[in-house]
Amino acid sequence: MTPFSILSARLQSDTPVCGVAIEPYVLVRRADGTTVTADEVPEEGYTDARFSLKSRWTKSVVTKEGQVCWAHPDHDATVQCILCLRCKVDTKRSFHCSPECLKEHWHFHVDFHNQSRNNAGSDSNQLSKQNSSAMLNGLRSPGDLVHLAGYNATGETWVEVGNQRCYIPTQEDVGCVLRYECTAYDSASAYPDMGKTFSILTSRVRPSATPPMRSMIHMTPVRPTLKRGKFTVLSYNLLADLYASAEQFGYCPSWALHWPYRRANLLRELLAYNADIMCLQEVQSTHFTEFFAPEFSRAGYTAIFKKKTNEMYTRDTYAIDGCATFFKKNKFALVKKYEVEFNKAALSLAESLPPEQKSTALSRLLKDNVALIAVLEALVPPQPLPHPEGGVPPPSRRKLICIANTHIHSNPELSDIKLWQVHTLLKGLEKIATSADIPMLVAGDFNSVPGSAAHNLLVHGTVPLNAVELSNDPLGILKPATKLCHRLPLASAYASLVAGGTDNGDPAITRLRRRLDPITQEPKFTNCTRDFKGTLDYILYSKDFLAPSGCLELPDESEVRSRKKEHGGIPNESWSSDHIALMSEFSYVVPEGMPVPESPEAVLKVTRYTCKLLLSIGAVDKTRNSGLYQSLDSIEKSLGTSRKAYRIGKFLEHVSALQKKNPYLVPSISSSILELLVNVGEGVYYFIDQFQFFVKIGVLSVRQGETLTKVSATAELVGYAANTVLNVLRLHNLLEREIALISELKRRKNKSEAGGSFFDPSEDTNKVLLSEIHSLRRRRTLRTLCLAQDAADAFLAVHDLRDVYGRPTGGGMRKSVLAAAGVVSGCIGMYKKF
C-alpha cells in the first residue's frame, strides 16, 4: 500500500466557461489511512511537505486540420460555407457546427460576402469581383453553400496553461478542450510521481457569461420632490444553490445551473445595476461569507445578513439560506438592525392556543422564514429648499430611512401562513414607525400574486372580507378578519410610478406599460419557470415621504425563455435565477410643512405695502417733502402694476398642482375638497387679475374691470379661506403627532420594552424620537406663519370686495392696517423663500 495516493477525481461540470473557476473534486488517502479532500492536501511546488498533489492543466490547440464553430466556439465544426472561401472571407467565419446553425446565421454571411465584393479591387481584382457577383446572384440559399467537411478536432496539440488544482479559463481558451491531470507527488523519491495519474477531459470552453442588459427608465414623479438625496433600491431572489436542482430546472443546461457559473453571472448583473441599496433573498450563508460579502465590499458596499433558523441537508452537506442587504458606504450608514424570525412569533402564538392544538399549530406555523430590517442614515441628505443663486444651502438635519428585506413562505397550500407572516411583519414595522417618523421601504419575495390577500394587505392596508384565503384558516389565526390591517401608507413602486406618470411619447415608457398587468399595474411576471409564470416580488414605499422617479425596465417573456426550449424558463444561459430583479429610484417628497418657495413677487409686495404704510401713517409730509411723497406714491402704484407680471407664473403653479393631484395621497375627503378649493380659487384669482392691465390701457371698460375684480377677489377670498382651514387642520395633525411622540418617549424612559419581542428599540430610537419632535416643532412654527399670511391676504381680499361693492375703506387708520397686513404677508413670503 502506497503511503499517499489519489482515490478519485472528477469535475462538478464538464463544460468550462471563460472567467468561471474550475475546481476539481479530488479524494486523497493519506499514509495514516484517512481519506480527505484535496483542500487539505498541499499542492506540489507550493509547499515544503514531502507529499503533495501535482496538478496540470493543458488545452488543445487547433491546427489547420481541425476547426470549431464560429457562432458556438465550444462545438466542433461540421459544415463550411463554400462562398465564404471563394469571397476570401476570414476562414474562421465560414465554419459552423451544423447546417441548422449556418441557416440561423445566414444573414451574417450575406453581409460578409457583400463586404468582400465591395472591397474587391477595381482593376486587378475586377475578375474576382465579377465572379463573386455571379456567385451571389446564383447562390441565394445556405443549402447551396454547405460543404460537409466532417471536422472532428483532429490535429490538436496540447499546451500547458496551469499547474494548480483550480483554474480559470481565459479568453484565449475559448473553443479549446481542457484536460486536467493529477498525480500523487513524493518529493523525497527518485521517482516522485506516485501511482495512477487521473486525467479528465472537458468539452470546449464556452465564452464568458452574458447577463441580461436592462436600463433604468426615468419618469416625472406624481408629487413635488426634492432635488438632492435620490437613491435606488433593488430586490432580487438569487435562487440559492441548495434549491437549484436538475430535477426542478431540467430545462436549464447543467453547466448554466452550476453555482460557479451562476455566481459569476449574478455578480456581473448586480454590479451593472449599481443600486444604492440591494435586498437579496435566497443567499446561501457560505456564499455570503465567502463570495458576496467580500466581492461587494470591494465594490464599496456594507453588508448585513440574516439566515434562516434550520439547515437543510443537500448534496452531502448541510446548507442554509437567508436575506442579505447591501448598501453603499458613501451614501448610507447603519443606525440599527432588527432580525425577524417568524418562528419566534409562531411559538408565542402557539402558547395562546388550546393545548390540544399546539402540536398541529406548530407543525403548520414553523416555516423558518425570516426578515431583515435596517434603519439607515443618509450621508447625502436631501436639500430642503432651493437656495438663492450663489447662496450657501442651509444645513440639513439627520435623515433616516427604514428598509425591510423579507422572504415569505412559498407553499401555495399554506396561504394562511403567508398572510400571517406578512401581517406579523407589518405590525412590527408599525412599532418602528410609531417610534420614529421615517420613510419605510419593504422589499422581497412575498410569494403572493397581485390581488391576493397578502398583496391587498401590503398596498391597501386591509384584506377584503370575501378573500378566498380567509376560508383556508384551520388554526383560526386570521380571525377576526378585521384585525388584518395596518396604518403604514405603503404603495407599490412599479404600480405607482407607471400608473401615475406620463410617457411624453417615450417609447421605453410605452414598452414598459405593455409589460404591466392592466388591472393591478404590477409586472406581468417576476418569476418564470416551466410550470409557473407570475409576479411574486415587490418593492413598496411610504408614499407620505417618498416618490418613485424611475424603475428598471421589465423584460418580455420571449426574452427570458430559452430559444432552444420553448417550454423552458429561467434560469438559463443568460438569466441565472428563476426570478428577475426589480429596482426603483426614489426621491424625497416636499414635506407637508415645507411650502414651495414663492416667486420674487414677495419682494415687490413688501416694497409696495411698505411705501403704502409710510404714506398712510403720514411718515412723509405731503407739503414739506412733496418730492419724496410723490416718489413713494409713484413706486407704490408702479409696483402694483409690476406684480401683475408674476400672475401667470402663479396661475400655472396652481394648474400644475391640480394636474398632479393624486386622490390616494390625501388623508381624507375633506382635505381633498379643501385643497381643490385652494388651487381653484387662487388659480382663478391669478388668471383674472392679469386682465386689469387691459383696463388701464383702455382695451376693457371700467365697468368690465369692476366685474373682473369682483370675480377675482371672490375667488381669492375662497382660496385663502380654504387654505386657512386646511392649515388649521394640518396644525392639529402636527400637534397630535408631537404629543404622541412625547408620550412614547416618556413611556420608553419609564419602562423598557416587553421581553421576547424581536423588535428591541434602544437609545438610538430615543435619539430618533427627539429628532422627529424637534422637526415637528419647526414644521408647526412654519405652518403657523403660513396661517398668519393667509389671514392677512384674506383681510386684503375683503377690502377689495368692499371697494368694488361701493363700500370703500375710509380713514388713515384703516389704510394703515391694510398696508401693515400687506407688509406682514410679504415678509412671511420672503421668509418662506430664504
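Let's start with Asn343. Asn343 is buried, at a relative accessible area of 12%. Buried means under 20% relative accessible area, exposed means over 50%, and partly exposed is in between, using a 1.4 Å probe and protein chains only. Asn343 sits in helix 8, residues 342-351. Helices here are DSSP runs of H or I with at least four residues, strands are runs of E with at least two, and both are numbered from the N terminus.

A word on the source. This is a predicted model, where local features need pLDDT of at least 70 and side-chain atom pairs count only at pLDDT 80 or more, while totals for chains, interfaces and linings use all residues. Residues are numbered from 1 along each chain as its sequence is written, and side-chain values use heavy atoms, with hydrogens and water left out.

Back to Asn343. What does its side chain make a polar contact with? The side chain of Thr309, at 3.2 Å. A polar contact is a pair of N or O atoms within 3.5 Å; within protein, one must be able to donate a hydrogen and the other to accept it, and residues adjacent in sequence count only if both atoms are side-chain atoms. Now set aside neighbours within four places in sequence. Asn343 is then in contact with Thr309, Leu365, Leu366, Lys367 and Asp368. Contact means heavy atoms within 4.5 Å.

Follow that list to Asp368. Asp368 lies in the loop between helix 9 (355-365) and strand 19 (370-378). Its phi is positive, near 65°, and it is not a glycine. Asp368 is buried or exposed? Buried, at 17% relative accessibility.

Lys88 also has a positive phi, about 60°, without being a glycine. Lys88 is in the loop between helix 1 (82-86) and strand 6 (95-96). Lys88 is exposed, with a relative accessible area of 72%.

Next, the prolines. The peptide bond from Lys479 to Pro480 is cis, with omega near -10°. Pro480 is in the loop between helix 11 (453-460) and strand 22 (490-492). The bond from Ile570 to Pro571 is cis too, with omega near 10°. Look for Pro571 in the loop between helix 14 (557-560) and strand 27 (582-588). Why point these out? Because most residues other than glycine have a negative phi, and most peptide bonds are trans.

Now the cysteines. How many disulfides does a search of the whole structure find? It finds 0. The cut-off is a pair of cysteine sulfur atoms within 2.5 Å. The sulfur of Cys87 is 7.1 Å from the closest one, in Cys84, so it is too far for a bond. Cys323 is in no disulfide either; its nearest cysteine sulfur, in Cys279, is 8.7 Å away. Cys87 is buried at 5%, and Cys323 is buried at 1%.

Leu676, Val680, Val684 and Val711 make a nonpolar patch of about 290 Å². Patch residues have over 30% relative accessible area and no salt bridge; like charges are joined within 9 Å, and nonpolar side chains (Val, Leu, Ile, Met, Phe, Trp, Tyr) within 5 Å. A salt bridge is a side-chain nitrogen of Lys or Arg within 4 Å of a carboxyl oxygen of Asp or Glu. Accessible areas come from the Shrake-Rupley method with a 1.4 Å probe; for residues, only the protein chains shown count as cover. Helix 18 (residues 669-689) gives the most to this patch, with 3 residues.

Last, the whole chain. It has 22 helices and 27 strands. Of its 834 residues, 49% count as buried.
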